[in-house]
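Subject: Structure for your files

Dear colleague,

Please find the structure below. My notes on it follow.

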There are 2 protein chains.
Amino acid sequence: MYIEVPLDHFSLKNNETFKLRYLLYRQFHIKGGPIFLYTGNEGDIMMFAQNTDFLFDIAPVFNALIVFAEHRYYGESVPFGNRTFTKPEYLAYLTTAQALADFVYLIEELRHTFFGTMISFDTYPFVAFGGSYGGMLSAWLRMKYPNSVIGAIASSAPIWFFEGLTPCDKFYETITTVFAHYGTEHCNTTIKSTWDVIRNVTKTEEGRKLLSTIWNFCNGLETSNDVDKLVDWLSNIYVNLAMVNYPYPTNFLTQLPAYPVKIFCDKLNSFKVDDNKTLLEALGKALEVYTNYTGKTKCNNVNITSEDLGEFAWDYQACTELIMPMCSTENDMFETTAWDFKNYSDECFRKFGVKSSNRHWPILQYGGTNLKYFSNIVFSNGLMDPWSCGGVLRNVSSTIWAVNITDGAHHVDLRGADPADTNYVVEARKMHVKAIKKWLDIT
Amino acid sequence: MYIEVPLDHFSLKNNETFKLRYLLYRQFHIKGGPIFLYTGNEGDIMMFAQNTDFLFDIAPVFNALIVFAEHRYYGESVPFGNRTFTKPEYLAYLTTAQALADFVYLIEELRHTFFGTMISFDTYPFVAFGGSYGGMLSAWLRMKYPNSVIGAIASSAPIWFFEGLTPCDKFYETITTVFAHYGTEHCNTTIKSTWDVIRNVTKTEEGRKLLSTIWNFCNGLETSNDVDKLVDWLSNIYVNLAMVNYPYPTNFLTQLPAYPVKIFCDKLNSFKVDDNKTLLEALGKALEVYTNYTGKTKCNNVNITSEDLGEFAWDYQACTELIMPMCSTENDMFETTAWDFKNYSDECFRKFGVKSSNRHWPILQYGGTNLKYFSNIVFSNGLMDPWSCGGVLRNVSSTIWAVNITDGAHHVDLRGADPADTNYVVEARKMHVKAIKKWLDIT
């Protein structure tokens with residue numbers, strides 16, 4: 001379904017609107033039941049609907065209507081059609097405040113359509129759900145518009161991943177822990193050792209050709225810039241492997257086996273000591289766990305790690321409003337990089353033609369670490385998820401709960417129940433149901 | 001002082017900024033004391049600083065720093081200088097959300113300047129104060145940004161004066177009560193009888209000339225449109241007289257004696273029964289209480305009722321976002337008028353070239369009548385203030401208080417202590433101090 005929403009909710013420059021997409025699942029809905037609203041994040045809403053079976057699992061318990069709302073500038077919800085990503089002036093309305101206001105509009109519309117009421121906030125309660133950036137949005141929706149949603153299940157939402165709140169080295173440190181924990185032998189130290197090997201071998205044209213061949217790149221590695229891209233591509237794959245290191249095969253960012261980090265490390269482990277060529281070949285094989293699990297990938301592109309996420313639009317958000325400082329050190333398995341705001345910001349300006357917002361804006365807008373004035377939010381985090389380092393891991397009050405899934409990956413609790421689920425995630429989902437019942441006053 | 005703030009906090013179309021003015025009073029400030037922030041409303045901030053002595057009266061008790069922040073598009077804080085009011089595209093950033101974000105920016109800047117800290121929200125608490133629309137803003141600031149201000153004293157803040165929340169006839173009904181209560185004899189019924197007389201006499205050119213002369217207008221009443229303006233002008237004067245019917249002489253909207261409604265009614269009462277000319281003459285004399293208390297006014301202009309308020313910018317706000325439905329009926333002393341949204345909206349479009357926002361936007365944005373999720377706000381209202389009908393008159397929770405001043409006019413509690421103060425306002429001010437001490441944890 002589609003709803004017309006204002007392009008700009010907070011100034012009156014124009015009366016332009018655009019179509020925001022949402023998905024509606026009525027099969028579990030019985031009159032009187034609540035509305036479960038997934039606050040969409042940085043991708044096509046279909047992908048999130050297909051990877052958030054938890055809502056479908058529990059909807060029958062509550063007789064709930066399920067709604068998945070797409071985030072503006074992703075999927076089909078692009079305000080300027082094909083032109084959307086061509087000019088800074090078209091991208092300008094891609095901010096969290098605008099996205100939250102879209103959801104508030106949609107909630108009003110649905111209340112009106114389904115229940116014929118607008119002002120009675122309590123009678124037809126909406127519960128927000130979201131994972132990752134979508135979890136940040138669901139928490140912020142409850143914080144900023146507590147009369148629009150009665151509560152929020154914010155899964156793997158790194159709401160504190162901003163300057164001054166989380167040290168920049170925690171993200172890569174957590175990933176290193178995941179590879180150390182799930183990997184065979186010294187998987188993380190082996191990965192750490194590859195960076196020098198890669199930098200060395202790609203110094204020559206011959207070396208770059210070799211690597212292109214054994215790692216099956218669509219386009220050769222021609223310049224040192226391409227090598228930097230290659231390093232980023234590798235890093236992103238490690239990040240993604242840790243994020244989706246689920247205990248059963250999934251198709252979220254890409255098709256993957258159960259515990260892909262473990263499989264990756266098994267394959268990497270096949271190299272011969274002191275033989276860099278076998279190390280690079282082993283790494284090539286290991287990477288295929290991520291890039292070619294189906295066996296159907298023809299070749300690899302260093303510019304792409306996921307087909308489904310709206311990476312351009314997300315980069316814009318990460319460049320402007322949602323600047324999350326990251327750095328790697330000698331203590332993690334990544335190539336060492338410092339956090340340099342100026343450099344980051346300059347690069348963003350080159351890419352998008354706009355300056356980064358006030359660096360503290362997300363903190364000013366959403367209150368930083370002080371959550372005591374808010375209520376009815378569950379922050380759940382898989383502790384084996386890199387993003388958990390920016391999340392809320394301790395209970396804040398009697399109405400703001402932290403639910404930690406000791407062995408969990410990225411928003412694993414929002415996935416459907418599976419025989420391979422660990423006890424931790426099973427318990428986490430029970431806590432979610434308990435919280436929602438409390439908010440809805442169901443005994 | 002001035003601070004550079006972004007023109008548009010919620011989209012990234014441009015990086016334009018403008019200078020927002022604020023006034024700083026340090027004389028009572030001692031290190032460790034809180035910051036009292038007056039959230040400016042629709043006028044030059046100097047006017048509000050000069051009419052809000054309550055802050056100066058209590059600052060020494062708290063060792064508080066006092067800040068008066070000007071509202072964008074008023075006083076000196078006009079984003080486009082002289083051009084500001086010439087085009088819809090310059091006016092577009094005049095919304096409550098942008099104004100609140102300005103205050104949040106200023107709070108950050110002051111924390112940084114005075115205390116060298118940005119993120120520690122609790123250490124240097126800000127308390128918001130505001131009267132009327134400024135009171136709405138102080139309440140909304142606490143509701144939307146609870147980490148920026150520890151609490152808000154929202155005086156005479158009609159936060160429920162929106163469609164569906166307050167019946168449209170309550171405003172003029174309340175004013176009628178004020179004139180009935182403070183006026184001599186049948187002041188309100190006499191006023192009600194004047195409308196037909198005015199409409200009749202102004203049907204002819206001769207009559208319009210007569211009225212122009214005896215009421216001392218700068219420009220004659222030439223068309224029936226001028227007569228409509230005259231009726232609006234009269235109505236506005238009655239509204240203002242009720243609003244500022246303080247128990248001592250004041251100079252807020254204009255220079256006035258103590259209890260101006262009483263003086264007005266005394267003078268109106270001098271007409272002879274069944275003699276319309278003496279009625280109009282008596283009304284002319286009575287109006288001088290408002291228009292010429294100083295004896296220095298040369299002539300009257302039907303387009304102006306207060307020199308100090310930014311009436312054009314306020315009309316824009318009342319036309320776009322803050323649409324407050326008003327109507328008058330046979331039961332009040334005003335000329336009968338219906339509330340017609342379409343008509344209102346069309347008129348606004350003619351005047352400003354922009355369409356009114358979604359009529360429910362203020363309710364969606366600020367939560368309507370459901371305040372239970374918010375905390376630390378005192379809503380005070382003079383019950384003899386017309387705007388009290390859209391205010392919060394009952395306690396909501398242990399942290400949201402209503403303080404009613406039975407005999408009070410518009411935000412009388414924010415004025416300085418005066419020997420003529422009634423007990424009700426004295427008690428209200430004590431409640432404010434009690435609330436602030438509670439928020440600051442001072443025993």
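In these notes, buried means under 20% relative accessible area, exposed means over 50%, and partly exposed lies in between (1.4 Å probe, protein chains only). This is a predicted model, in which local features need pLDDT of at least 70 and side-chain atom pairs count only at pLDDT 80 or more, while totals for chains, interfaces and linings use all residues. Residues are numbered from 1 along each chain as its sequence is written, chains are lettered from A and ligands numbered from 1 in the order in which they are written, and side-chain values use heavy atoms, with hydrogens and water left out.

Disulfides

A disulfide here is a pair of cysteine sulfur atoms within 2.5 Å. The search of the whole structure gives eight of them over all chains. Helices (H or I, at least four residues) and strands (E, at least two) are DSSP runs, numbered from the N terminus.

In chain A, the sulfur atoms of A:Cys168 and A:Cys327 are 2.0 Å apart and form a disulfide. The torsion about this S-S bond is about 80 degrees, so the link between A:Cys168 and A:Cys327 is right-handed. The pair connects distant parts of the chain, 159 residues apart: A:Cys168 is in the loop between β6 (151-155) and α6 (170-182), and A:Cys327 is in the loop between α12 (311-320) and α13 (341-352). A:Cys168 is partly exposed at 22% relative accessibility, whereas A:Cys327 is buried at 7%.

A:Cys187 and A:Cys265 form another disulfide, with 2.0 Å between the sulfur atoms. Its torsion is about -75 degrees, so the disulfide of A:Cys187 and A:Cys265 is left-handed. A:Cys187 belongs to helix α7 (residues 187-201) of chain A and A:Cys265 to helix α10 (residues 260-268), so the bond ties together parts that are 78 residues apart in sequence. A:Cys187 is buried at 3% relative accessibility, and A:Cys265 is buried at 1%.

A:Cys218 and A:Cys299 are also bonded, at a sulfur separation of 2.1 Å. Their link is right-handed, with 100 degrees about the S-S bond. A:Cys218 sits in the loop between α8 (205-214) and α9 (224-243) of chain A, and A:Cys299 in the loop between α11 (276-291) and α12, so this pair ties together parts that are 81 residues apart in sequence. Both count as partly exposed, A:Cys218 at 37% relative accessibility and A:Cys299 at 29%.

With the bonded cysteines of chain A numbered in sequence order, the pairing reads 1-7, 2-4, 3-5, 6-8. A:Cys389 is in no disulfide, and the nearest cysteine sulfur, that of A:Cys168, is 10 Å away. In chain B, B:Cys389 is likewise in no disulfide, with the sulfur of B:Cys168 nearest at 10 Å.

The interface

Contact means heavy atoms within 4.5 Å. By that rule, 48 residues of chain B are in contact with 49 residues of chain A. The buried area (the accessible area, 1.4 Å probe, that two parts lose on being put together, summed over both) is about 4300 Å² between the chains, and carbon and sulfur atoms give 59% of this.

A polar contact is a pair of N or O atoms within 3.5 Å; within protein, one must be able to donate a hydrogen and the other to accept it, and residues adjacent in sequence count only if both atoms are side-chain atoms. There are 13 residue pairs in polar contact between chain B and chain A (both at pLDDT 80 or more). On the side of chain B that touches chain A, α4 (96-115), α5 (133-144), α12 (311-320) and α14 (361-366) of chain B each supply at least two residues. Of these, α4(B) gives the most, with six residues.

B:Glu4 is in strand β1 (residues 2-6) and B:Lys19 in strand β2 (residues 17-25) of chain B, 15 residues apart. B:Glu4 is partly exposed, with a relative accessible area of 40%, and B:Lys19 is partly exposed at 49%.

Regards
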